[in-house]
Structure formats: structure tokens, C-alpha cells
Amino acid sequence: MNKDLLFNKFNSGKKTLLVFLFTLVTCFAAVAQTRQISGTVSDADGTVIPGAGIKIKGTSTGTVTDVNGAFKLAVPDNATLVVSFVGYVTKEVAVGSGSVYNVKLAPAVSNLSEVVVVSVGYGTQKRTDLTGSISSISAATIAKLPVTSVEQALQGRAAGVQVTNNDASPGGNVSILIRGTGSLAQYGNSPLYVVDDYPLETGGINNINPNDIASIDILKDASATAIYGIRAANGVVIIKTKKGKKDGTVVEFNAYSAFQGKPKEYKLLNAQQFATLANDQAANDPVKQFTTLAAWANPQSLTNADWQNALYRSGLTQNYNISIRGGNDKIQSSSSIGYYDQKGIVIGSYFKRLTLGINVDYQPTKWLKSSTSAKYSYQDSNNPFGTGSLGNLAQLPPTLDGGSNVTSQISDGKGNYGFFNPVYTYVAKYNNPVYGINTNQYKNISQFFNTNSSLEATLIEGLKIKTAAGITIGASNNAYFQPEDDRLVNQYGSQAGATQNAFFNQSLNTAFDWLWENTLSYDRTFGKHTVNFVGGVTEQELTNNPFSGSGVPPNAQIRDISQVSNLKLGTTAQNIQSLASQFVRLGYNYAGKYFITGTVRRDGSSKFDVGHKYGTFPSGAVSWKAKEEDFLKGVDWLTNLKFRGSYGEVGNEGPIGLFQYEAQFSSGSASTNSGNLGYPFNKVYQVGIAATSPENPNLRWETDYQTDIGADMAFLHGDLSLTVDWFNRRSKDFLLYIATPPQTGYTNESLNVGSMTNKGWEFALNYSHATSSDLRLGAGLTISFITNKLTGLNSGSTFITNPLNNPNGAVNLNGQGWTVYSETHIGQAVGEFFGYKSLGIIQSQAQIDALNANASAKTNGVNKFYYQALTGPGDRLFADVNGDGVVNASDQVSLGNPQPKFFGGLNLDANYKAWDINLYFYGSYGNKILNYAESNQETFQNRGFVGIENLSQEYYKNAWTPSHPSNEFTRIYYNDNSYLNSVPSSQWIENGSYLKLKTLTVGYTLPGEMVRKLSISKLRIYASTQNLFTITKYKGLDPEIGTQGGFGTQNGIDNGTYPSSKYFTVGLNVTF
Amino acid sequence: MKMKKKNITLVAICLFAVLMIPLGCKKDFLTQTNQQYSTATGAFTKSQDVVALVNSIYDSYQNSDLMKKSIWYYANFFTHDWYNDGADVAWNSYTISPTFGAIDTFWKNAYIAIARANSVFDIVATAKAKGVVTPELANRLMGEAYFLRGMTYYYLAGTFGGVPLELKPGGTGLTPRSTQDQVFAQVVADMKQAEGLLLSKSTLPAAELGRATKGAAYGYEGAAQMWLKKYDLALAAFNNSELTSNYHLMPNFVDVHEFNHQNNDESLFEVQFDLPAGASQSWDGGWQNGGEIAWIDDFSWPHEISGFGYDYGNPGLWYSYQAGDLRKVLTIIGPGDEIQSPGIIAKWGGIKGYAVVQAGFANNVKDNASQTYSSYKGDDDKIINTCGALRQPWYGDDLTRSGYYCAKKWRDPNLTGANGDSKIFGSQNQILLRYAEVLLDRAECKVRTGDIPGAMADLKLVRDRAFGGTAPAVMQDGLTYDGKPTTPITDPMQMVLSEYRHELSGDYSLFYNLRRAGGTTPGQVARDFIHANYGTTDNLNPQPYPYGPTADGKLHGVWRTSLPVGHDICPIPQPEIGLNPNLTQNPGY
């Protein structure tokens, strides 16, 4: 290896950059002696491009530019130079008589650039040769948006991929659907992520630093995904991280700081309004049940508790990434360090992440190659107020009772926190959340380590064998401490209950998996025939080891589970899943025109019983490059035309837990309050054991049958490209935890019960054009139309509901009648809202008397009331849909669907000289939102409980009264739960369509001459704003609401999630 | 390193072949062992595991929706002796909805208990064959499973009429309903099995107190035979020496339900609860789920004491006790009555000892703003020591209760209700069957078979205890519900029914026994009996007190709705019909 001049140059010249190790290898090709030319390669704004390739067309002779973007090359007469660099449009330059050639390259804007190589799983293919449907996102695209996670980077960039920020909490809570909802199980629609050839089972995708990503390929149709078999039904996202290049060294430093404004707030009553309202209610209460606190008698004297102001703050995000990538012919390496630190806009919320990444590729001989990748991530995050809890914030009465001892402020800054009077039942259930957030201590650490190493040998031309092994470790360590709380007892004595003990909880979870894969591949062209083959075997084994304990620590210092009293331990059992698979993919093309691909994967999983462990997932696809036909070759306006068609079957085992095939006996919990199966004989507890879940030996994975027909087109010499896909995804045997007749001995069981379809169209349109060397314009549009439909249930039922009994993670909507708010019948799209049809407000007693009389007449006196006995003027009028004279459960109807008719993203790019600008819009059309938060702000009684809660200003000012009638807002009543005005109804269903300007970025790249003096090859500074505006008719805070708790049937419900707000970001990208 | 290509190929192919082989051959790679939950083969390798399997059947009964809101409500609300205040007032007018949640919980828990019992037989047989359990223990465990299955069918059929019979594990749960008689025939069959297998009360180790015994099996067999109108067979069961020798009336009626006399000599079967010292009072399931504690008792206490008061008594029941009947205030306590529970008196000195009473008296607290007097002042303006005062009964915070409360459920001295230090959940067992009921059942059988003197002798046993020695020869209620004089009861069957009422009201039996008495149409005897006692009409609304020292002409939660034909049984829970379309709804619902 020859020593690089530049290394010395750096050592001597630029002390500030000594921390970086540069190695740059320049390949000198042996070239036939002709004449010498020289020049530089730069981009449109004059920034030099080191490492750009210059080749003499038709030969293998060439060179690459040095760190200053300069090259020298000996060329024969009449040669043409082919100048290329990744991320730029390859340019051909005819060599004339001159000896200096300064070449400017235009950046490639298209995601679908012809040269792009696409990961297809166990190999790559040229995009032009694909038979399946695959969307790709490049590093350049990701770099434009300050995102925390990979999922956010996918939003709007890939057709058919619906990405929703479920809430805006630090660290992100994102749901992703590739070609619709195919499963109803919790988190049953997550795609498989394959990072650097490693199918990620342990640790989430947010452990991957978006800055390290070189490419994302999203495999959508069954032909593309079938190679991942039983895990592929929700699509496969293949991520490759950046590697070192053979020639040259690049050091990159990227940093940004983002200021995040406070979110929009609900407009609620202040203390004075609230107390006045409560006093009015008490005065008008006919049975004198409702009383107010003595302190409320004089509203003007009250301290206002503005909960939103107390909980929200402005946020700050800092993100730093530094990487060094380079290498020589034999060794290429890449290492990166990233640090992300976000202080959230809700107090106590933050997300910190340190990521380290190394990629090393080593090719000691022509036939042997190794590749090793290692990634580490450390996360420290917290969101103490919880995501859906912010809706509860709006319920809190805006005035506190400090009693005589403390303070009536939320916090007086001296460590005292106001509280709600525990003796006054109407506010007794509330707590001051700021107290908990400020006094409880949290530490939630999670670590992730993944490494994967492969060894590949080329046996004969085109024939390679490869063995790859890797491991992933995920470890989380969460601690929570809550100090002893005797404030209320001090103030009110034993009436307020007992002193709340201190509490300490610690949980550790270690997850581990290993992977071993062996593949054999063959790829060769014989004349007009090209064949490619890959086959292999793979094994993966996942081990999960939970541990948690909690109890009362001996004092406020000790954080040691072995010293707590009232120790409660969580499950500590180790559980293991194993997967063993074989797969093969065979491709053939004739003359680069006709392509055919067949794929089969046979997956074995320990999740299933003997005899059912293996599933086979076949697929096939064909494509035809029509443009290559003689009759189109000469058509100048058409740059590319290709048709594709595929069909295949893939599986989804994700929703299925371990050992569900066998009956499981358990003794329940040790609690004396609930869940145990034992019994006290002679007042001494004896353990009980019973089968708590039934055997289900026929349990199967969910299967998707997908047809895809697509076309890729390009016009205007490639400036404009269009990809269109039609697909029909039929999901069968989806798994549902359903109620079973208890005569079986069980009330619920997970069964493969139903089927649904997702049919749709996807469009991806890209335009890029350099009008001059100074100006380049680009646009990218993706639009997806997906129609989801429940097509069958074999459980005997004709519909499915939202998850019942509040399973872990589900949204808990309190209130009379809110048990079921979604009911999807066969033929409808999943998540359909369900409830009463509101016709406005009852205006007079005569009106309700007539309705009641009619009810009595039609039911022969069985039902004397139209709706409720209490219903009177000012109450909501619901429709008697079935005309039986009364409004009851059978009058509930479908109210709309949270799934959009279409959604998409629009990217607009422009570069002018040193300036670049990017606008990114994301929108969704036709989705409905269930505005539970609004319904909550239109009830004075606390939902489902004794007590009262705060209201919206709008309701307060417009509520129905005899002198101020309204046809929208009901009357206010302290006991309004029993009036059942706020049950799920059309009143709370709103149009959720929106168009958001997600990002607006303006960048400026400093002139090359200026930065070169600093040995910097490129320095770009930019300013960006996120969530600048949203166009929507939705009345709530933010219409971007996804699924909650991972349930497809809990979609589009606004119960007050962590709100999004505007970000203002400044950042810089430096390349050395 | 240089290597010839041929060699490379050879080495590589060999290597590849070697790599592939272990993967293909490790057949057990996809077989994992569940380390968190046992399988049938993993568990039941020790005798205590097999015992634990049987324990889990008992556990199904530790559910307040099943115990209180289904069996107790049915046994007591349907007689109009007691009413609900709260969410379940439909019981007061016999308009229970098929969607009423508690009966669905009852159904679910009952069938889960039955399925657990059904799972016992094979597992115990296997364990016995393997020597894991001794033959003696195997017998007892099988006996308990038969008993608990039979008892569960007893309450199911008593409440719903015929229900599906599930007698083997692993069914689809789609079995249609059997007839009521078929179900009671199954109860008889199960109890007969249990009689042969269970331990006698006399040999049951003290540590196992609470388990089913031979005597309990005879008790339920007899009752089931009565449902089948096989009174001879019922008598045979009731006369078995397992019953007659091992169980006795407690000498003092007050002790029957006392907290410190749980599992007493009179009790045939009671559901056990336990609140270990220092255990949590948290609400995370003390009502619904399989815990060890229950809210059943102070659920019934006056709102003024407990903050609850979700059921209360009919003053008419209070009036109806014959003068001198000690059971009166030990069953239903009303304005002016001091509590008589020795346990409560020992702990609190009576009602005046509760913290809420003392603080309420000191602060002049009124449970309702429109009250004239403090809730905690007696008629003499001193601290109250009675269950409300005559001038202002404890009507509760919404004035919708009668002022009369169940004294059988007011015995646990550890409870305070939702006041003070909030001891809500307790460990009072719930007696499902006791010897006094067996004696009354036997009296009915004797009446039915013409042995009137025998019947009178059995009644006398119960009545003598009720009157603290010797009962008056003439059986005559105190006053009618509307305060009128009564006439002596002379019809033997009516005497039995009256004794059922006065002995068992507030227990878990009364309406079951009344309905079992039959009649020309289903529930006719019960309907007539309730009508005779309360002058019922078709009115579905609460009525003002017709009579009483506290009658103020206002509504205080007394219904006098006639028992409609068909509504003598509960509706089949609607969700269960949804899950098993082969279930038919009871006519009239």
C-alpha cells in the first residue's frame, strides 16, 4: 500500500483536524500512453467532489478525484469521459483538444434513479431489473429531515406506506402500515426490519441512528417479501448503513439544534369561571346533593391553576453526528458516533440516545470477502405523564386546595405543591400531576448491541457461498422511586386516608438473539440469458429474560429490591423462541427484456405445535421491459416503460405468543386482592392451580395472499418518472383474542378467526431537472389509495369491536357507554366508529313529552321514555334509527372510519447556486377522528366517577340554557353522566383530513474556495422548521392521530395525546 | 495466501455441506419448553399440585358479582324483603336486563368452576395411578370436584332454570340448555358421588376447614331432590347421620353469623374469605376477581356508616317478626335499633363507636343537606347508637333508602366502610347452606309427604332457638307490611314458608326455596307468598311507606311490584347467547 500524501499534509497543516484519521487511497490505473488531461469535479454550487470516478467510456481505464476534487488522466484521442459519483447524475464529457476539464455534476434527486441498486433480501438487484414492488429512500433524502427514527423518515416518501406519528413524545411513537391493516392483534402490523442483513427481533428500530443509514428499501408485494416468509406479511424494510468506500476518506460532521415551541392548548375555564359555575350548579340543584367547597364561595379569591401552562414548556433538541468513512482496495471501514438529546415539551419528558456504529469490509483475496457490522445504542428516556394522559390534564379542576398548611398554587417554587381536597368527594380523586413528576424519580435505560459478520467466498465466476452469524442484545433497566407522601394526612388527618408509603420498582429485561445464515448464490449471464439464484438456510433463536420487583424501600435513599418490604416480584421466566428456515429465489431474464422470479421460503417456528411448525411461502413474479422492445426503443419521449406482475403468499407470526398451542396451567398472582387461584382453608391460604389458557393445537400464523400489478415509466430523458402499482392484499386467518363460551372453561381465546382485504393504488411521481448549472428543480409526490375491508369471521360473530377490558396499552375511554366505540362489521373498514346518531339538542319539555308518549305507545307501555327517564330540555337528541319509539343500544350505527381514502407526501426541492430549499408536505384525506377529548370537555361530571371536571370555554359559553338555546351544546349539569348525553355519537366524529407542511428547510453551502482553506470540502448550514402549519377542519389540537397501543381497531381516537408543536432547527453539515 | 481454484471449490462445497447438515438434523431445535406456565404433564407431579387444582374450583366462588350480585340478590331481592340502591335497582321491579353484568360474571365463573371440576377427574386418576396422591386423597379430591360441580349446577339451575350440562373437559361450549329437572338430576348424581368420596366433617382435619364434606353433599342432594319433587329421597338424604350427627343448630341465633363463629357447627358449606393481617385494601379487584377478600358485608351497611348502603331492607320484613323473635334485629336493623352483634359491640361499643359517627356528631354532619337533624344525633340529641333515629331514619345521602339494613351482614368488627381508615374489604365467610335450612327443608318434605307432626317438630327446633328457648305455640307475624294486625298461620306449608323467610332472609337461600315450592304456574307459590306479605301490584315504581313510625309520605325506596310470570328466574345473560347461539332466552325476557 502506498502512503498517502494527504495524510502528511493533514498532520502538518491542519492541527484542528488532528482528531480525525484520514486515509485516502487513490487508484492509479495503467493507461495506454496518449495525452494527459486534468481538471476538477464539483457539484452545481462549486463544492468539489473528492472520490468522484472518471472513466474513459468503453474501457476500464479511469481514476478518481483527490480530496480537492482534482484529477489527472491520460486519454486517447476522441475519448469520452464518464464522470460519476453516488448521489449525482452521471455525466459524459467529450474530450476535445483542451487539457483542462472542470466537470459539474448535478445531484440525483430521484429515488428511482436508474443506477440505484436495491436490496431485495439475501442480495441486491438493479432497480431496473426488479420484478417486485419495492420503494427506496436514499441517505440524501433522510439527511434533509431532522428525524429521530427510521420510521419518521419513511413518512410520505414511499407509496403505500402509511406512517403516523401517534404522538409527539420524545423518542417518537410512530405507527407504520405497509399496504394497510392486515392484522388486528396488538402490534400485529409491524413490518420486519432487516438491518445490514440482520432481521431485527430484539430491540426497536429506533436504536438505529438515521444518520448512519445509506439506504432504505421497502419490500411491499409478496414477490419481494416472500424471501422472509413467516415474518413478511406486513412488508419488509431493509436498511443498509453507510460503509467505507474503497477510494478516499470522508469525514462528516452533522449537527443541529432544534427549538420546540409550546403546543397548542385547550381553552378551558379558569378558577373563577369554574367556581362560579360550580356555585350556580349547587344553587340550582333541586335535591341539594351537590355542594361546593367553602373556598369556592368567593371565586375571585381563588388562585388559578393553569395545568397546561404548568405541564408544557418549550423543548430543545440537540443532535450531533460524526463519522469517518474510507478505506482502500482491501479494507474499508466506517465508524460513527451519534448523540441525540431531546428535552420534550411536557415537563419531565426527554429522550437521549448515544449511538456507535462500525462497519468493516475486508477482502484479502479476490475470492474471499468479509463484512462486519456492529451497532450500539444507549437510550435514556422518560415520559412521566404518559401519552394519552394529556387529555386528562384538561379534566383537572383549575383550582387547588392547599389547606391551611401549604399552598394553593400548583407549585410555590419552595417544594410545596397544592392539592385537591381529599375530603371533598367532588375533587377527591384528582392529584396534582406536577407533584408526581417533580418528586418521583425515574431512570429508564435501554441498551442495544447488534453485530453481524459474514464471510463470502467466490467459487467460480458468479457462484458465491456465504456464511453469516450475528447477535443482538437488548437490555433495559428501569427504576422508579416515589417518595412517601403524608401531605394530605398532615393537613386533614385520618379523614384523608393513610400516609402513602414510598415505593420503588426496578425492572430489568435482557433480550438476546443469535442468527446464523448460510447462503449459496449464483449470478451469471450467458449471451442473452441471465440467471440468478440464491438459496440458503437460516436459524435464529430469541431469548427473553425479564425481572422486576417492587416494594416499600426502608428509606428515601435505598434503591435495592433486596431491602424493600412488601416485595412483589414480576415474572422472571426465561422464554425462548427458535426459527429455522430454508429459502430459495430463482430469477431469469432474457435479453434484459423478460424477467421472471420465483421465491419459496419454508419457515419453522417454535411458536406452533408439532405438525404445524412449518409454513411454506411461495411467490412468483414477471416483468417486461417494454422500452427495450424495438418498437419503443426509438420513442424519444418515453425513457422507460416496464410492466410488472406478481403473486405470492407470506405469513405473520408476530401476533402469536409463545406456547399458545398448549394448555397453560398457572396459580395466578400472589395478590390477596385479585387474580389468584387459591383459597383460604381455615383462614390459611392454599395455592390453587388451573388451566388459565386453553390448548390450541391448530394455531396458525396469519397468511397474506397478495397480487401486485405495476408499471414503471420515465419521460423527459429520465427527468420525470412515475411508478404505479395496483395491489390486492388478502389477509387470512388473522388472529383475534376473542370471547369464547365459558362452558369451554375459558372466557377468551386467541384464534385464527377472520379475513380482510386491502386493495389499493400507489403512485410515485418524481421530477428533477437542472435548467442550468445554477438552478435545479425537483419534486416528488407519493399518493396511496387503500381500501381496507373486513371480509369474514368464522367465530360466529359478524363484527369485531375495539379491544375490551382495557388490555395493556389500549386507550381507556372512561364514561357511561364508552365500553364500545368501534364496531367493524363484515364489509367495513377496520376501526369503524360506532354509536348514536345525534340530531341536535332537545329544546322543550313538550318535545320530550311527545317523544316519551310515542315511546310508551309504540312499546305498549314497556318503555315509557324515549331515551332516559331524566332526559329533558337541553339534552342531546339521538335518532331512533329503527323507529321503535325508543333510543337504545339497537339504534347505534356506524359513524365513520378512521382510515383515510388516500394519503401521501409531496417534496419540493430547488437548488439555486449555493442555496437549497426543501418543502415537505404530508396529508391524509377522508379519515374521521373520534374527538373523545372534546366530549370530555363537554361534561361537567368526571367521566365514570363521582366528581366534577373542567370544561372548555366554548362549551361554557355556548351551553344550552332556556334563555340561551343551542342546537349543538347540551346543558351543563354536575351529574351529567347519568343523562348519557356524551355517549359515543356522531357529535364527536369529525373530518380528520389534513395537509401539513411538515418541513421547510433552507440551506446554504459556503463557497468552495472559502471552506477549502479549512480543509473542508463542503460546509452547508441550514435552517428548518417543522409543523409550520396544518390545513384541517379538525377542531382538536392535531389531526395526525394513529393507532393506539398497537391495536388496529383503536385508530383515530383523540383522547389527548402528546401534542406536536412547531420546531425551529438550525444545523450544519460538514464534510472534510 | 494462494490456493488453486479447484481446491477452493472443493473446500467450500465441503464446508457448505457441513454447515447445512447440523441445521437440518437438529429436529428439536424448534421445540421449546414453557418456563412460565406448566403443562398438564409438567404440573401435578406432587400431591399438593393436585390439591391446588381442586382449590382453584373453590376460588371461582370468591367473586362478589357471583356471590352478592347474583346469588344473594336473587335469594333476597326477589322476595322484596330487600332492595338495591344504586346501579342495580332493576331487581326491585323484576326488570333485570339480560345484559346485567353480574349475572354474566356469575355464568362465566360458574362454568369455569365446572370446567375446572371436569378437569380434575382425569388428572387425579393419573396422579393416583402414578402414586402422586394416595387413594384416600384421590377420593377426597374427586369428591370435592363432584360436590363443587353439583353445587354450581344447583345455583345455576336455581337462578336460570335449565342450563347446558358440561360434564367433560375440552368441549366446544356450544351445548344447548338441558331442562331444569335434568340439571337437578345431575346435581343429585354429583352429590351422590361426592357422598361416597368426601370426608366426613368429623374426620376432616382442622387445617382443611372449609372443604366440602359428606354432610354438605347430603344437604345439597336433599335440596336438589326437593327441586325434583322427590321428597322421599330428599328426606332420606336429610336424615343421613352424616347430617344429623355432625351438624347442630348454634344455641344462640346471634352466633350463626358472628365473625368469630365462622365455620361453626351449624354451617354445612360456606365460601371462605380471608384478609391476612396488613393486607392491602386497594380496589384492584376486591370486588370482581379471584382475591381472598370481599366487599360483600359493608356493601350493605347504611350510607351514613359506610358511604355505601347499596342494599337495604323492607320495613315490612321488620314488622313481620313475631313478638319475641330474637332473629328480628339480628336480621334487619332499623331506626331506633341498637346493633346486637357481640363482635361489633366488643370492638366499637356499638354504632356510636365508629369514627364516622363520632366525627359526624361532633361536626353536626348531615348525610343529606335537606335533613333537619344531624345524621349522627339520636332522638335525644345525643350521639346516636342506633341504626338511625326514629325522627329521621338513615335514608342515605339521596333519601332513597328505607332506613332498614341487613344485620346479618353487619358483623365484621374489622370493617369501617369508606370512612375513617377505610377498611372496606374483609374476611367474613359467606354461608351458603346451614343446618337450620336443612331442618326447614326437612319440614317441607314432611309436609309434602303428609307427616305434619314431624314437620312441626322440625319447625319447632328452629323456632325454639329463634325465641331463645321455647317458641310461642301459635305462629303469627307481628304486623302486616301496612301495619295491620295479623292472624295466626295455621297452614303447615305456609308455616314452613314463613319460617324460611324469618330464618333465612338475608342468607343465600330464601327465594330459591320459595320458587322451589312450585305452584300451578312456575313460581306461583312464591308469587302468592310475596303478594300476601307485601300486597304487590303491577306498579313498577317505588311506593311511599304505607305504615310505620317513620312514614313521611315520601319515597324511601320501597317497591311492591308483583312478581311477573316468567320472571321468577333470571334472564340468560345476553353475551352468553351471543357466544353460544344454541342458548335460548327464558320466556318473558
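**View 1. A:Val41 has A:Val103 as its bridge partner in β7(A).** The model shown here, like that in every view below, is predicted; local features need pLDDT of at least 70, side-chain atom pairs count only at pLDDT 80 or more, and totals for chains, interfaces and linings use all residues. Residues are numbered from 1 along each chain as its sequence is written, chains are lettered from A and ligands numbered from 1 in the order in which they are written, and side-chain values use heavy atoms, with hydrogens and water left out. Strand β1 (residues 35-43) of chain A runs parallel to β7(A), and three bridges join the two. Both belong to an open sheet of three strands, ordered β4-β1-β7 (chain A), in which the pairing is mixed. At its edges lie β4 (70-75) and β7 (103-105) of chain A, each pairing on one side only. From one strand to the next, the twist averages 35°. A few words on terms: helices (H or I, at least four residues) and strands (E, at least two) are DSSP runs, numbered from the N terminus. Two strands pair if DSSP finds at least two bridges between them. Angles run from 0 to 180 degrees between N-to-C directions, with axes as lines fitted to C-alpha atoms, for helices over the stretch in contact.

**View 2. Four strands of chain A make an open antiparallel sheet in the order β3-β2-β5-β6.** Here the edge strands are β3 (62-64) and β6 (91-94) of chain A, each with pairing on one side only. Neighbouring strands are turned by 20° against each other on average, direction ignored. Look for strand β5 (residues 80-84) of chain A, which four bridges join to the antiparallel β6(A). Within that pair, A:Val82 has A:Glu92 of β6(A) as its bridge partner.

**View 3. β37(A) pairs with β36 of chain A and with β38(A).** Strand β36 (residues 720-739) and strand β37 (residues 748-770) of chain A are antiparallel, over 18 bridges; A:Thr723 is partnered by A:Ala764 in β37(A). On to strand β38 (residues 775-793) of chain A, which pairs with β37(A) over 17 bridges, again in the antiparallel sense. Here A:Tyr767 stands opposite A:Ala779. Four residues lie between β37(A) and β38(A), which form a hairpin.

**View 4. β53 of chain A is joined to β17 and to β50.** Nine bridges link strand β17 (residues 248-260) to strand β53 (residues 1063-1071), the two running antiparallel, and A:Ala258 has A:Thr1065 as its partner.

**View 5. A:Asp196 and A:Lys375 form a salt bridge (a side-chain nitrogen of Lys or Arg within 4 Å of a carboxyl oxygen of Asp or Glu).** Their closest N and O atoms are 2.7 Å apart. A:Asp196 sits in the loop between β13 (192-195) and β14 (198-199) of chain A and A:Lys375 in strand β21 (residues 368-382) of chain A, so the pair ties together parts 179 residues apart in sequence.

**View 6. Chain B meets chain A through 83 residues of chain B and 70 of chain A, contact being heavy atoms within 4.5 Å.** About 6200 Å² is buried between the chains, with carbon and sulfur atoms giving 62%; buried area is the accessible area (1.4 Å probe) that two parts lose on being put together, summed over both.
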